[in-house]
Amino acid sequence: MLPLRRVARRVGQYALVLWVAATINFALPYLAPGDPVGYLYAGPTQDLTPAQVAQIRAGYGLDRPILEQYAGFWTGLLHGDLGMSVARNRPVVDLLGQRLPWTLLLVGLGVLGGAVIGLGLGALAAWWRGRRREPILVAGVLAVDSMPGFWIGMILISIFAVQLGWFPSFGATEITAEGVGALGEVLRRLVLPALTVALAVLGSIFLLARGSMLTVLGEPFIRLARAKGLPERRVALHHVLRPALLPVLTNVTVVAGALFSNAVVIETVFAYPGLGRLIYEAVLARDYPLLQGAFLLVTVVVVGLNLLADLAYPLLDPRVRHEVPVAAGAPTGEVPR
Amino acid sequence: MIPFPAHCGFSFPGHPSSGDRSLRPAPVRTSAPPARPVRKPSGRARTTLILLALALLASACGGSPAGTSRGPNHADRLRIAVAQGAGPLNIFAGAPEPLAELVYDKLVAPSPYVAKPQPWLATAVRQVDPSTWEVDLRQWVRWHDGQPFTARDVVFTFQYMKLAPTGRWTHHVTTIPTISSVTATGPDTVRFTCGFACPELGTVTLADLPIIPEHVWSAVPAQQAKTVTALPVGTGPYRLVSYNPSAGYRFEANPAYFAGRPRVRELVMPIIEDPSATFTALVSGEIDIAARPLPPELIEQFRSSSQVSVVKTAPLQFPELRMNFERVPFDQPAFRRAISRALDRDQLLQTVFLGQGRPAVKGYPHPDAPFANPSLSTPYAPQEARQLLDQAGFLDRDGDGIREGPDGPLRFQLFVTASLPIDVRAGQLVAEDLRKIGISVQVTGTDAATVANLFTTREFDLAISTITAHGVADPDQFVMSHLSGYLWRAGLPYPEFDALFSKWKAATTNAGRAAVLQDMQVLLNRQPTSIPLYYPDEYWAYRSAGYDGWVESPGYGIVHKWSLLPADVARAADAVVLRR
């Protein structure tokens with residue numbers, strides 16, 4: 001199978017997942033007990049007159065046949081219309097659009113930082129296998145990993161915001177800053193929350209990287225590389241690191257996907273205006289249109305991250321690129337996970 | 001007839017009658033902390049850890065007790081953390097009143113929560129006959145966009161409020177009172193006519209509704225008022241110049257404000273929803289004040305800080321135990337009274353709120369409300385509660401400690417907001433008190449939206465929530481609450497109240513209305529549908545080095561426009577609480 005066909009197949013598979021997720025999203029108000037008007041109105045409907053209920057029903061298009069509503073749902077979706085937030089009287093797309101960039105920035109930079117640091121420390125721990133330094137490093141990383149994210153955030157705030165005054169303790173931007181100053185302010189306010197995210201995800205990436213490196217270090221081709229007299233640095237970077245990256249990459253995408261909607265605690269500690277906080281507020285306010293939109297967005301991002309990871313495998317591992325079956329009966333082109 | 005005995009209209013700074021500046025009202029710094037019990041409200045582990053960490057931060061930054069030196073009374077820029085984003089201050093979409101009133105003014109100020117509100121956008125307010133009022137408007141006032149403020153704006157405002165579904169002001173123009181017409185009788189004169197006597201219009205209604213510009217809002221159909229996202233245009237001391245949901249609000253002082261130039265040029269208001277993040281920012285000096293009171297656990301730590309000042313206020317609000325008077329046996333007055341007598345308010349205050357406030361032994365409304373009946377008394381009397389239940393036929397016939405009624409054992413559910421540990425703890429104490437008189441209560445925590453929804457759908461027995469100034473200090477709202485379903489519902493049989501309501505409507509003077517209101521309060525507290533649990537105090541923390549002009553205004557705390565206007569202006573408007 002050509003790589004292009006494989007890519008198309010993967011994209012097709014993920015598109016199917018997205019279609020199912022979007023359809024479930026559409027069906028949520030109908031699957032829940034009671035009248036969907038109650039869900040979408042976000043308020044008590046007992047006191048409404050039949051005429052008012054009919055008006056709301058018509059306003060949400062609930063008086064149309066279900067297939068027509070489904071078609072309308074997709075038409076709206078493709079035109080970027082996710083309905084109105086009932087608690088905030090604003091289009092859901094606008095609200096998600098305001099929060100999405102901040103979460104992408106926070107989670108993206110934090111997870112990337114955590115991945116780089118975790119990978120580096122994991123490689124170092126594997127390289128130091130059997131030496132006295134290894135358990136110290138492992139214990140140190142596990143100690144950080146055992147702390148809850150909000151606690152790490154509080155410690156960072158205490159040191160770097162309160163005591164040293166180097167960074168702000170809250171917010172994503174400054175309303176009085178303009179131009180380049182505004183960009184600088186965004187970066188300054190990103191440091192502590194992104195570092196918190198990085199430290200929060202560090203442990204799992206570190207352990208996975210270390211285990212993966214140890215596995216690869218035991219492979220015959222590493223012994224061959226060393227037997228050829230290649231410098232240790234070259235062995236480490238070119239022969240060990242690349243194959244060891246595969247499980248780490250999978251883990252990073254999973255962690256990033258989970259954090260995308262679950263960063264609410266860190267966003268709360270730093271008063272960061274992200275998506276997790278918005279979802280939390282929507283749950284409290286029973287703002288179902290906003291929740292539906294947010295869940296759909298989270299699904300798209302998580303599925304997108306997995307697709308990216310799938311597409312990145314061939315770039316990292318030639319064996320995947322050339323799709324050589326490793327054993328009889330193994331499904332052709334399947335990526336080891 | 002002038003309802004303001006002192007004077008109608010007053011001078012502003014620069015005028016000879018402005019008053020003695022040396023008497024600038026100021027909040028009193030709290031003295032040595034009162035003794036308080038060691039029991040603390042239970043809470044989630046995370047909250048506790050955060051508060052603990054914050055306490056350490058606060059104490060780390062302190063060291064010496066707060067001194068008595070005062071900070072500046074003017075500032076170029078203040079940073080005020082607000083607890084939630086409320087959009088671009090659309091008053092029809094729930095904008096917080098302290099923020100909205102930076103932008104908008106009312107005809108009479110500061111609010112219905114004071115005894116003698118004074119003319120503000122008005123210069124004189126006259127009661128022509130029991131149901132007619134005339135208002136003279138201030139001249140040369142301009143909206144923030146430069147347009148002149150006229151009588152047409154006032155007429156438009158009251159007509160628009162009737163049509164717009166605000167849920168906040170509509171019933172104060174359509175029901176209590178019933179304003180039948182508003183007409184401009186001249187370029188600066190407006191006449192109000194009510195459907196029945198409205199002696200309180202000058203001191204309550206006109207002190208409640210903000211005036212909006214006709215030239216802006218006439219383009220918006222009233223039914224769509226909630227959807228407006230443009231920055232507001234008002235006559236107030238501050239202009240909202242930018243709003244960003246991620247960054248907050250920025251206000252600039254209105255240099256041409258008719259009451260005098262505000263004392264702070266610029267207000268920057270970041271949105272920090274989490275209390276611990278808010279007070280961390282205060283400790284680190286990133287904000288000058290938090291527009292939310294201190295949690296009880298942090299008061300001592302902040303008091304000992306040398307950089308942060310703490311002041312105490314008496315907010316016009318309280319936590320309340322609501323009873324579903326439409327459900328058996330809460331529909332029986334004696335049963336509700338028994339519950340009221342069974343609650344140990346002093347223990348609730350000491351245990352739940354660490355003694356910071358007053359026990360709620362004066363019932364409903366708040367004892368500081370201008371119309372409160374000072375003779376009200378709701379004592380802790382468990383023996384009387386037992387007698388009331390016995391007489392009503394609720395007896396423990398099977399000896400299990402729980403009384404039985406016609407529909408079975410007295411077992412009820414009490415809903416509290418699970419994310420509010422103080423409410424959860426109060427619920428537990430209420431359950432303990434009621435258990436002592438043979439009533440079993442199960443405390444159920446749920447989210448705030450569900451609790452609110454349960455009130456409306458009437459699917460609850462008991463619930464704890466907090467009622468704020470509009471509910472407990474506005475006399476018109478007190479009457480309205482008996483019609484709206486909160487304290488009672490219009491249409492449900494209640495002959496005693498109906499008789500008082502007729503008497504209230506027939507009264508043509510404020511004195512006559514006040515007398516009937518006092519009788520209504522006696523009636524309510526004799527068979528309450530809402531029981532205040534305690535009257536809390538609030539403590540506010542701010543960095544006095546940046547600005548020290550904060551004053552308490554009844555029902556508004558200390559973060560409001562009266563703290564930012566010239567002190568003599570605020571005092572002349574009767575807008576501040578003077579504590580000595």
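Predicted model: local features only at pLDDT ≥ 70, side-chain atom pairs only at ≥ 80, totals over all residues.
Visitor: Which residues of α12(A) make the contact with α5(A)?
Guide: From α5(A), the contact uses Leu95(A), Arg99(A), Leu100(A) and Thr103(A). By class, the contact of the two helices has 4 nonpolar, 2 polar and 1 charged residues. The part that belongs to α12(A) is Leu275(A), Gly276(A) and Leu278(A).

Visitor: Which element gives the most residues to the side of chain A that touches chain B?
Guide: The contact takes 31 residues from chain A and 33 residues from chain B. On the chain A side, the elements that give two or more residues are α5, α7, α11 and α12. The residues of that side divide into 18 nonpolar, 10 polar and 3 charged. The most, 7 residues, come from α7(A).

Visitor: What share of the residues in chain A is buried?
Guide: Chain A has 14 helices and 2 strands. A residue counts as buried if 20 or more other C-beta atoms lie within 10 Å of its own. Of the 337 residues in chain A, the buried share is 35%.

Visitor: How far apart are the end C-alpha atoms of α4 of chain A?
Guide: The helix covers residues 66-78, which is 13 residues. At 1.5 Å a residue, α4 should span 18 Å. The model agrees with this, because the end C-alpha atoms are apart by 18 Å.

Visitor: Which residue with a positive phi follows α4(A)?
Guide: The phi in question is near 75 degrees. The residue that has this value and follows α4(A) is Gly80(A).

Visitor: Which strands stand at the edges of the sheet in chain B?
Guide: The sheet is open, has mixed pairing, and is formed by 5 strands in the order β18-β17-β19-β13-β20. Its twist averages 30 degrees from one strand to the next. An edge strand has a single partner, so one of its sides is left without a neighbour in the sheet. In chain B this holds for β18 and β20.

Visitor: What is the bridge partner of Leu321(B) in β20(B)?
Guide: Strand β13 of chain B covers residues 318-323 and pairs with β20(B). The pairing is antiparallel, over 3 bridges. In β20(B), the partner of Leu321(B) is Ile531(B).

Note on methods
Residues numbered from 1 in each chain as written. Chains lettered and ligands numbered in written order. Contact = placed C-beta atoms within 7 Å. Helix = DSSP H or I, 4+ residues; strand = E, 2+ residues; numbered from the N terminus. Nonpolar A, V, L, I, M, F, W, Y, C, P; charged D, E, K, R; others polar. Buried ≥ 20, exposed ≤ 12 C-beta atoms within 10 Å, placed from the backbone. Expected span 1.5 Å × (residues − 1). Pairing = 2+ DSSP bridges. Axes fitted to C-alpha atoms, helices over the stretch in contact; angles between N-to-C directions.
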